[in-house]
Amino acid sequence: MFNNKNNSKVRFHGFSEEKEYQNSKTEIIVSKRLIELICLTIILIIILIIRLGYVQLTQADNLKVKLETYGTSTFTNDAPRGEIYDRNYTKLVGNENVICVNYYAPKSITDKEITYIAKFLSKKLDIDFEPKNVNNVTERNIKDYFIIAHEKLAESLISNKELSRLKKDNPDSTDYEKAKKNLIVSKLTLDYIYQNMTHDEIEQVRFEYLMKRCKKGSVTLAEGISVEEASVIGENANVLKGIQISSGWSRQSMVDGQLSSIFGKVTTKRQGLPSEMKNELLALGYTNDSRVGTSGLEKQYEDILKATNSSYSIKYNSNGDPIVTNSINGQKGNNIRLSIDWELQALADELITNELKACNSFNKYFEKMYFVMMDPNTGEVLVMSAKKIDKTTGEVSDISSFNYLGQVEIGSTSKAGTLYTAFKENIIVPNTYFVDEPIKIKGSKEKKSYKNMGNINEVDALAWSSNVYMFRIAMKLADVNYVPNASLNVDFNKFVKTLTIIRRDFGELGLGVKTGLDVPNEGDGYKGQRSEAGLLLDACIGQYDTYTPIQLAQYTCTVANMGKKVQPHFLVESFKTDDAGNNVSTYKFKTNIQDDVSSQVEAFQQIKKGMRACVTRSDGTSHTYWSQKPYAAYCKTGTAEKYDPGDNVDHPNHLQIGYISATEDSKPIVAFASIAEREDRSSTGADSSAPIIANQVVDKYVEKYGLN
């Protein structure tokens, strides 16, 4: 047994054996994990194949739509604006269908290709640069295009000395380049440009400029091209990458530009959003090339007139050329119906134009006339006419917006307001008498009426247009004891206090305050600044502050309404046309009473008597034109002195305000204000053209609408 033990084999487990064992173990683990990974990969591949097969069979159409969607850009386009009509649905401003040239930016296009296209279009299209044209190019645009095309030639206009000064004054390179360009622009003239650049070349640079700026979407290169021009472009479509012909619209006046300053302007598609309104309009959903109203009623009623945008999509073919798809038409904006009666407006425009032309040769300064007619019950503006003649050429232009932006001295038409102030401030009562004789103030020339009228009351004062009666009221308002040939004892504080009362009371009737006319901007006249005591007297006869013609018309309406001041307005309603062709109202303007001082019954009764006496008395200031009418007329004339510096000859404003009713006991029908600015003599040889216009337009209204 011992020997067996001695003879047994001895085994040792050292470092090499352990290493061999560990390597063997690792190989087994790696092999096992590799097999697991391969199996997992095979399983995932099988799942992916099954999933792809499922998608291919069940969702192919949906994925195709998504692919097209993600590969397509969608853009918006403005549909036609609502149109503008007069009170009887005569279209005044509309939309005209036009043919447009649009550039849809390709995925890739070279500058060389753009230059070729621009040159082709400039030769084939006849683009009118005039301001009245939709494709107009401003003088500044032309200068910019010249600088782009002929940079060295443009820079040659600047001397080395000027360049040195610019560099010294503008060390920053950006400021220097800007200053240099501004200097070049100031030196460039259109004559110089057209000596070195043709009309076609300017067109070419313009097209290149617009196309290079358009990186996506589209830009309108030209609007209103002819059918022949469109055909030429269509025939060469294969070489005009990105160019397409489309139908569009442009804003058009249907009344030869009359009332254009009241209607206002709309940007063209090429002009797009005005810079000063851009951020605000973009936030409201407009696009950069949206057309938008920038002035007048187009701006005032933008929310009504604007359309719901059309939309279109652009996708690209394998060559990167744009393809317009999925065009969706927008909805036209709502129309607006104005209070203007175009027939009466056209008559007033014609009468004023003829009068200005007839009087031009024998009137030194007479170049403007205004006429406003309103419905005093509703505030609707029926007529708003204003014209200006070029004294040299005899050409007459429309300045209708001057009725609410301009200002005039109104003279004696203010005297109804002075009487109202006198009654309200307890200066007079019905049948109060003052002696009309010259007022003599120390250090000033006599202040008087056109004749000495003797002892008169407030009705006489209006009928004969007494200045002195109004002076007496002014002095009593200022608590002045008038002594002939002595100074008026009015210090600055008393002057300001009295003038504040006069302005406040005039404002209650409509003078000296904005009327609220529905336009973007409205003037409020000018308030005198000097404070000499005698100017208080002038303030009471319309010779101190100035007022807008629309204020004068509103004031006349307030007098006609016996103290109710109504907001003047153009808008009657907005409407759309249904499928059957019927006009469906979407909004109606409501009459707005801004102030009501009808509690001053005695004041308005006496004013009414005075304005009626102007017409019925044979020596009344308005007897000539109005006394034989088949209706009751109430009028007041005005003459406002106007002198040029160093000129002692008066070239006054001549005015007439008034209203009519069927009888003396019925409500007013229409009110008006007529103004001939700085007129010496009318076409008939009389002093004033104002009643010549007023009585004919009012008669036409009565003929058309009757006296109901």
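**Entry 1: α5 and α8**

I began with how helix α5 passes helix α8, and in this predicted model I found that the crossing is right-handed. I then looked up the geometry: the axes of α5, which spans residues 139-149, and α8 come within 10 Å and cross at roughly 115°. On the α5 side I listed Arg140, Lys143, Asp144 and Ile147, and on the α8 side I listed Lys181, Asn182, Ile184 and Val185 as the residues that make the contact. When I sorted the residues of this contact by class, I counted three nonpolar, one polar and four charged.

**Entry 2: α7 and α8**

I stayed with α8, residues 173-187, and turned to helix α7, residues 160-169, where I noted that the two axes come within 9 Å and cross at roughly 145°. Here too I wrote down a right-handed crossing, with α7 passing α8. From α7 I noted Glu162, Leu163, Leu166 and Lys167, which meet Tyr176, Ala179, Lys180, Leu183 and Lys187 of α8. The class count for this contact gave me five nonpolar and four charged residues, with no polar ones.

**Entry 3: α4 and α10**

I next looked up helix α4, residues 111-124, against helix α10, residues 199-213, and I found that their axes come within 8 Å and cross at roughly 135°. Angles from 65 to 115 degrees count as roughly perpendicular and those over 145 as roughly antiparallel, and I therefore wrote down α4 and α10 as oblique to each other. I also recorded that their crossing is right-handed. By class, I noted six nonpolar, three polar and seven charged residues in the contact of α4 with α10.

**Entry 4: domains**

I then stepped back to the whole chain, for which the domain assignment gives domain 1 (18-71), domain 2 (73-104 + 241-314 + 332-338), domain 3 (106-213) and domain 4 (342-705). I looked up how far apart the C-alpha centres of domain 1 and domain 4 lie, and the value is 93 Å.

**Entry 5: UniProt annotations**

In the unreviewed UniProt entry I found a "transmembrane region" placed at residues 34-54. In the model I saw that this span is 100% helix and 0% strand, and that its end C-alpha atoms lie 30 Å apart. The UniProt record, again unreviewed, also carries the annotation "domain: Penicillin-binding protein transpeptidase" over residues 369-695. For residues 369-695 I noted 29% helix and 22% strand, with the end C-alpha atoms 15 Å apart.

Technical notes
Residues are numbered from 1 along each chain as its sequence is written. This is a predicted model: local features need pLDDT of at least 70, side-chain atom pairs count only at pLDDT 80 or more; totals for chains, interfaces and linings use all residues. Side-chain values use heavy atoms; hydrogens and water are left out. Axes are lines fitted to C-alpha atoms, for helices over the stretch in contact, and angles run from 0 to 180 degrees between N-to-C directions. Helices (H or I, at least four residues) and strands (E, at least two) are DSSP runs, numbered from the N terminus. Angles under 35 degrees count as roughly parallel, over 145 as roughly antiparallel, 65 to 115 as roughly perpendicular and the rest as oblique. A crossing is left-handed if the near helix is turned anticlockwise from the far one by less than a right angle, and right-handed if clockwise. Ala, Val, Leu, Ile, Met, Phe, Trp, Tyr, Cys and Pro count as nonpolar, Asp, Glu, Lys and Arg as charged, and the others, Gly among them, as polar. UniProt positions are given in the numbering used here, feature names are shortened, and annotations may be inferred rather than shown by experiment. Domain bounds come from an automatic or database domain assignment. Contact means heavy atoms within 4.5 Å.
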